[in-house]
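Here is a short note to read alongside the model. Take a moment to look it over first, then follow the points in order.

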Amino acid sequence: MIKNIFLIAIISLGFSGCKKDSNTPTNGVITLSSQKIGTQTFYVYGFSVSTGSLVQFSLGSAGNIPDWVLEDILDVGGNPVGANITTNPQNTQAFCINGSYGNQTEAENVFSAYKDVVITISTDKVTDIKPFQMYTYKDKAGKYTKFLIETLEKKISGNTFYFEASIRWVYQPDGTKHFSE
């Protein structure tokens, strides 16, 4: 009898630990920016997939390390000519491109239909992103996110150029390779 009660208590605790935090978003649209903010110590805002939020990040920081950071591609004169998405240096197999599409409608249709993770060749950086590209991201915990580059725009603040990317994303927090959305 005591064994049964103990077993039921353990199973109940196990199921209560699997409850999803309903306040943490698992999908949406974010804007990543390569704009450097600050005066002496510069930082950018990266994206944390597991929290569904933008986090402040500066090179060499030991605090919150985002999953994705937008970085400029610079020409020989130091001017931004494109953008990459990078991740934590220890995550060498983070990104896989799933396709490049001709327009927003085609890209959105493929993105919506993409339900099961397909990884071919993976890398630690998405180089020279373009609108209508779809990717799969695998974080260090082995959880997957699909994302679509919707826009990429060159912006200016004062006399400094930078890039902004609008990204649609869907995260699978349970670690399976199937997206329900």
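1. In what order do the strands of the open three-stranded sheet run? The order is β4-β5-β7, and the pairing is antiparallel. Strands here are DSSP runs of E with at least two residues, numbered from the N terminus, and two strands pair if DSSP finds at least two bridges between them.

2. Before going on, a word on the source: this is a predicted model, where local features need pLDDT of at least 70, side-chain atom pairs count only at pLDDT 80 or more, and totals for chains, interfaces and linings use all residues. Residues are numbered from 1 along each chain as its sequence is written, and side-chain values use heavy atoms, leaving out hydrogens and water.

3. Back to that sheet: strand β5 (residues 80–86) pairs with β7 in the antiparallel sense over two bridges. Look for Ile-85, whose bridge partner in β7 is Val-126.

4. Now find the open sheet of five strands, ordered β1-β10-β9-β8-β6 with antiparallel pairing. At its edges lie β1 (27–33) and β6 (95–100), each pairing on one side only. From one strand to the next, the twist averages 30 degrees; axes are lines fitted to C-alpha atoms, for helices over the stretch in contact, and angles run from 0 to 180 degrees between N-to-C directions.

5. Follow β6 to its antiparallel partner, strand β8 (residues 133–138): five bridges join this pair. Across from Ile-97 you will find Tyr-135 in β8.

Note on methods. Helices (H or I, at least four residues) and strands (E, at least two) are DSSP runs, numbered from the N terminus.
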